[in-house]
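Hello,

Here is the structure I promised to pass on to you. Have a look at it first, and then read on for my notes.

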Amino acid sequence: MSVSRPVRTGLAVALLASAAAACGDAGGLRGAGATPTATSPARLWPQLTPASSPAWDIDEADTEVVKGVTVPGDDLRKVDPVAIVRAEIAAHPKDYRGPDAVYRDTTARMAACTGESTAGKATDGTGTGTNRYTSAGGTCPVLQPYYRDLTGDGHPDLTLGFRLLPGDAPDLTAVRVYTVDKHRLLRVMAWEDAVSAVELAGRSVIIRSPSDLADYEYRLQWTWDPEQKAMLLTHDEMLRTHHGRRSGHPSPTTTAAPGPTADPRPAPSPSVTP
């Protein structure tokens with residue numbers, strides 16, 4: 001049986017009244033305050049000719065095949081991270097070799113890389129500790145590697161870091177991402193900065209760096225782009241640090257959690273000598 005319009009209207013009024021009473025019993029609705037007036041973007045200098053080329057090169061979509069390092073079975077876990085860093089040193093001698101090379105101390109400390117990690121690995125595999133490969137002869141600049149599928153192909157990619165010493169700035173760290181392409185080791189991201197934290201989230205690598213401005217930090221996000229087949233810089237911003245304090249150490253997400261999110265592994269012994 002259908003309900004007439006007056007009856008439906010009466011029912012609606014009764015329900016609204018009941019709902020209002022219920023809201024009142026719960027403390028009532030509260031206003032959120034004045035809402036800013038929405039304004040459309042204002043384009044400035046419309047007569048200005050649009051730029052046709054970038055002013056600075058930040059190596060976006062700059063990939064490089066790592067020569068001299070093989071990937072057994074296309075499994076990056078079987079590749080020695082120390083050998084990868086040594087291959088980069090061999091490929092860029094101007095930066096790493098000789099008394100005037102800006103990162104000459106990195107090369108000198110590579111002799112301390114035995115391929116056996118003495119970082120204190122927790123029983124849950126999170127890899128807490130110094131996260132460096134060390135030997136009795138000194139400290140190796142290679143940081144603990146992390147494995148996670150950043151490209152979406154179902155296979156873990158390699159996120160690797162190593163210290164750049166002495167460098168033009170203190171605490172300079174190189175962050176690299178590698179994948180496998182046509183059975184070759186391919187570097188799909190390269191960035192150097194004073195790093196305070198590195199995080200993996202989804203298909204992205206997030207790098208936090210200190211700022212000269214007190215209580216602020218830089219946050220750069222590199223995200224895999226399937227068309228460019230590279231990690232692109234998708235976000236570059238300055239953020240206020242929590243509680244007005246500068247980030248002095250990586251956030252908890254920097255250390256890999258158990259499971260598929262990130263998988264820290266110690267490196268095997270070096271297999272390539274440039």
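A salt bridge here is a side-chain nitrogen of Lys or Arg within 4 Å of a carboxyl oxygen of Asp or Glu. E199 and R208 meet that rule, with their side chains 3.6 Å apart from N to O. Please keep in mind that the model is a predicted one.

First, the overall picture. The protein has four helices and 11 strands. Of its 274 residues, 35% count as buried. The accessible surface comes to about 16,700 Å², and carbon and sulfur atoms own 55% of that. As for how the chain folds back on itself, among contacts with a separation of 6 or more, 50% are between residues 24 or more positions apart.

Back to the salt bridges. By the rule above, the count is nine. One of them pairs E64 with R187, whose closest N and O atoms are 3.8 Å apart. This pair ties together distant parts of the chain, since E64 sits in strand β1 (residues 64-65) and R187 in strand β7 (residues 184-194), 123 residues apart. How exposed are the two ends? R187 has a relative accessible area of 7%, so it is buried under the 20% cut-off. E64, at 27%, is above that cut-off and therefore counts as partly exposed.

Another salt bridge joins the side chains of D181 and R184, at 2.9 Å from N to O. Here D181 is partly exposed because its relative accessibility is 24%, and R184 is partly exposed because its value is 36%. There is also a network of salt bridges, which links E88, R176 and E192.

One more arginine deserves a mention. R163 lies in strand β5 (residues 157-163). With a relative accessible area of 13%, R163 falls under the 20% limit and so is buried. What does its side chain meet? A polar atom of the R163 side chain lies 3.4 Å from the backbone oxygen of L172.

Now the cysteines. The structure holds one disulfide, and this disulfide joins C113 to C140 with an S to S distance of 1.8 Å. The link is right-handed, with 85 degrees about the S-S bond. It connects distant parts of the chain: C113 is in the loop between α4 (104-109) and β2 (132-135), while C140 is in strand β3 (residues 138-143), 27 residues away. C113 and C140 are both buried.

In soluble globular proteins, nonpolar side chains tend to be buried together. The largest core in this model has 25 residues, and I84, V142 and L185 have the most contacts inside it. Helix α2 (81-91) and strands β3, β5 and β6 (172-181) each supply at least two of its residues, and the largest share, five residues, comes from α2. Which residues does I84 touch? Leaving aside residues up to four places away in sequence, I84 touches V69, V79, L158, L160, Y178 and L185. Apart from this core lies another, of 16 residues, including V188, M189, L200 and M231.

Best wishes

Definitions and conventions. Residues numbered from 1 in each chain as written. Predicted model: local features only at pLDDT ≥ 70, side-chain atom pairs only at ≥ 80, totals over all residues. Heavy atoms only, no water. Buried < 20%, exposed > 50% of the residue type's maximum accessible area, 1.4 Å probe, protein only. Polar contact = N/O pair within 3.5 Å; in protein donor to acceptor, adjacent residues only side chain to side chain. Disulfide = S-S within 2.5 Å. Contact = heavy atoms within 4.5 Å. Areas by Shrake-Rupley, 256 points an atom, 1.4 Å probe, with all protein chains shown as cover. Core = buried A, V, L, I, M, F, W, Y, C linked by side-chain atoms within 4.5 Å.
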